[in-house]
Amino acid sequence: MSDGYIRLIPTDLRWQPTPEAAAAARAYVTGLFSGPGDDVEHVEYEFYEHVTLIDAGENTNRVTCPRCAGDIDLEWLFDLIEENGESFDELDVTVPCCAATVPLNALHYDWPVGFARFEVSAMNPTRAR
């Protein structure tokens, strides 16, 4: 059985909280799974030096272009991610479908994908209701 995550990121992809605020965010998320019948294996936060891909893991099956609505080959995306080690100084890329320059965070992903320098993640959370 695979693990499931809830991953929370700031709306400003370059923003990072103070360490104290990060710890408070972790405590808050942990508290969301502390009721009767609730559970979470662990909640952690992470700071990234560069803007980093916060992906949907194996769930991403389709990516489309915001300019032409064309499908973007996942291998192109995976190669780009591998080249950058999931960290990006610049999000603008030339997409293979129409040769437009668009930011990676503007592509349309079939599962939620984001880019950030900070995240809080909850592993295998469950809620009774």
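Is Cys98 buried, partly exposed or exposed? At 33% relative accessibility, Cys98 comes out as partly exposed, where buried means under 20% relative accessible area, exposed over 50%, and partly exposed in between (1.4 Å probe, protein chains only). The model is a predicted one, in which local features need pLDDT of at least 70 and side-chain atom pairs count only at pLDDT 80 or more, while totals for chains, interfaces and linings use all residues. Residues are numbered from 1 along each chain as its sequence is written, and side-chain values use heavy atoms, with hydrogens and water left out.

Now for the other cysteines. The structure holds zero disulfides, a disulfide being a pair of cysteine sulfur atoms within 2.5 Å. Cys65 is in no disulfide, and the nearest cysteine sulfur, that of Cys97, lies 3.7 Å away. Cys65 is buried, at a relative accessible area of 1%. For Cys98, the closest cysteine sulfur is that of Cys68, and at 3.8 Å it is too far for a bond.

Four strands form an open sheet in the order 1-9-2-5, with antiparallel pairing; strands (E, at least two residues) and helices (H or I, at least four) are DSSP runs, numbered from the N terminus, and two strands pair if DSSP finds at least two bridges between them. Strand 1 (5-8) and strand 5 (87-88) sit at the edges, each pairing on one side only. Strand 2 (residues 42-54) and strand 9 (residues 114-123) run antiparallel over nine bridges. Helix 1 (residues 19-31) packs on the sheet and touches strand 1, strand 2 and strand 9, contact meaning heavy atoms within 4.5 Å.

Key: Axes are lines fitted to C-alpha atoms, for helices over the stretch in contact, and angles run from 0 to 180 degrees between N-to-C directions.
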